[in-house]
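Subject: Structure handover, aromatic rings

Hello,

Please find the structure below. My notes on its aromatic rings follow.

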Amino acid sequence: MQEKTFWLDTIEIPAPAPREFPQRADVAIIGAGFTGLSAARSLARGGASVAVLESQTVGWGASSRNGGMVLTGLKLPAATLIARHGKELTARMYAASLESIDFVEQLVREENITCDFSRCGHLEVACKPKHFDDFRRSAEETARHFGHQQRLIPKEQLQCEIGSAIYHGGLVDDSSAGVNPARYVAGLSRAAEHAGAAIFEHSHVDEIQREGAQGWKIATARGTLRAQNVFVATSGYTSRVTPTLQKRIIPIGSYIIVTEILPEKLAAELSPRNRMIYDSKNYLYYYRLTPDRRMLFGGRAAFFPETSSTIRRSADILRRGMLSVYPQLREAKIEYVWGGTLDFAFDIMPHAGQLDGLHFSLGYAGHGVGMSTYLGDRIAQSILCGRDENPFAATPFPGAPLGLYNGRPWFLPLAGLWYKLLDWLT
Ligand SMILES: Cc1cc2nc3c(=O)[nH]c(=O)nc-3n(C[C@H](O)[C@H](O)[C@H](O)COP(=O)(O)OP(=O)(O)OC[C@H]3O[C@@H](n4cnc5c(N)ncnc54)[C@H](O)[C@@H]3O)c2cc1C
């Protein structure tokens with residue numbers, strides 16, 4: 001078993017063209033994942049000079065490590081969101097989640113990115129009978145408030161969707177899609193460069209300082225750059241360099257295992273419609289077939305961000321989880337295991353706008369493949385035209401209750417236990 005990302009065995013992400021490190025740019029973007037590269041492409045197409053500064057290499061963060069599920073909806077149920085934000089704003093947020101998939105689809109087509117994008121739909125499976133009742137309510141609310149149709153699949157029809165007997169029904173959304181994220185981020189990087197953006201790997205940003213009324217001085221491992229605007233696109237890897245954002249984001253580990261290539265018949269039995277699948281628990285499992293017919297199975301096996309030890313432990317936990325869903329995979333060899341860091345805001349919502357003069361977009365809570373690409377573009381448009389109409393800019397970006405968080409998530413083991421308890425009780 002290799003401790004590495006399966007997706008990176010399907011493509012070697014090309015390094016950006018070598019260039020001299022610039023002294024100035026209209027916009028400096030920190031982070032070369034989906035958010036930063038999508039913004040870079042849009043800004044460069046809009047005529048701005050753009051420098052993308054990446055600590056490691058293109059796509060090194062969550063963007064090459066995820067499950068490749070391009071999902072509709074937000075992390076929280078419609079009723080909770082409506083109670084919090086009202087019908088009109090919630091409807092705009094939901095519409096953004098749908099638009100984000102169209103946006104990715106169009107971008108992939110326009111830029112000719114070979115990344116196995118496919119509108120295969122997603123299936124949410126109910127771990128308890130009560131969860132299926134929740135699906136019924138949620139589908140009804142989604143249709144009524146947002147005009148978006150999802151399909152309920154009763155337990156007795158579920159074998160058309162999944163070769164597992166442990167669930168109590170499902171909810172299908174045909175608008176969701178699947179993608180190979182490493183190929184996608186590589187294509188996005190090429191598209192950003194083609195539009196005129198300059199991308200610099202191994203350029204960790206150490207410090208961002210205000211300089212005069214208009215600009216910023218950005219100290220990096222490669223030199224100092226001055227820019228009129230800074231866009232922070234660091235997601236779960238947000239650090240002390242941007243302390244105001246760091247205090248608002250909880251970095252949470254998520255882990256994935258991938259099996260050997262499965263026989264065609266077995267793969268068709270496990271997932272007859274090739275859906276992106278996740279279950280209804282808080283401590284959830286998400287899984288799918290890869291384009292070459294492996295089972296990719298992920299979950300928050302440990303809450304802490306990835307280290308060699310959390311990755312190793314997660315491999316065993318996830319294999320047990322996978323066998324509880326699919327006993328048919330008992331003999332299947334696990335060939336890959338890896339981890340990555342998700343970005344959760346305290347209200348479990350995306351946030352995109354401006355704080356202390358810095359532009360940012362983060363807080364995707366595991367729904368980031370579509371949303372990061374989309375909000376990267378939205379923030380880029382707001383920098384170009386000075387008007388921000390994305391619905392996530394309209395909500396306050398909360399910090400920890402009582403301010404009990406300085407960016408080091410000491411409470412993660414407690415949060416993990418809390419969610420396990422909730423899954424047991426509800
Ligand atoms: C295991 C896993 C599975 C997931 N599965 C899914 C899924 O199936 N569907 C879905 O929608 N979402 C999923 N997600 C979430 C999704 O991958 C992310 O929301 C998305 O990739 C975020 O993209 P990003 O560009 O904002 O951040 P990232 O891709 O994380 O990029 C941030 C970059 O910032 C760089 N950086 C940080 N600090 C600095 C600095 N000081 N200077 C320079 N560079 C810096 C980092 O090196 C990193 O490359 C998953 C995430 C993980 C970890």
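Arginine 248 lies over the face of phenylalanine 397, with 6.0 Å to the ring centre. A charge counts as over a ring if NZ of Lys or CZ of Arg is within 6 Å of the ring centre and within 35 degrees of the ring normal. Tryptophan 60 also has an arginine over its face: arginine 65, at 4.6 Å from the ring centre.

Before the rest, two notes on the source. This is a predicted model, in which local features need pLDDT of at least 70 and side-chain atom pairs count only at pLDDT 80 or more, while totals for chains, interfaces and linings use all residues. Residues are numbered from 1 along each chain as its sequence is written, and side-chain values use heavy atoms, leaving out hydrogens and water.

Rings of Phe, Tyr and Trp (its six-membered ring) pair if their centres lie within 6.5 Å; planes under 30 degrees apart are stacked, over 60 edge-to-face, and the rest tilted. That rule gives twelve aromatic pairs. One of them is tilted: phenylalanine 6 with tryptophan 7, at 5.2 Å centre to centre and 55° between the planes.

A stacked pair is formed by tyrosine 287 and phenylalanine 297, at 5.0 Å centre to centre with 20° between the planes. This pair links distant parts of the chain, ten residues apart: tyrosine 287 is in strand 14 (residues 285-289) and phenylalanine 297 in strand 15 (residues 295-299). Strands are DSSP runs (E, at least two residues), numbered from the N terminus. Tyr287 and Phe297 belong to one aromatic cluster with Tyr285 and Tyr326.

Regards

Conventions
Helix = DSSP H or I, 4+ residues; strand = E, 2+ residues; numbered from the N terminus.
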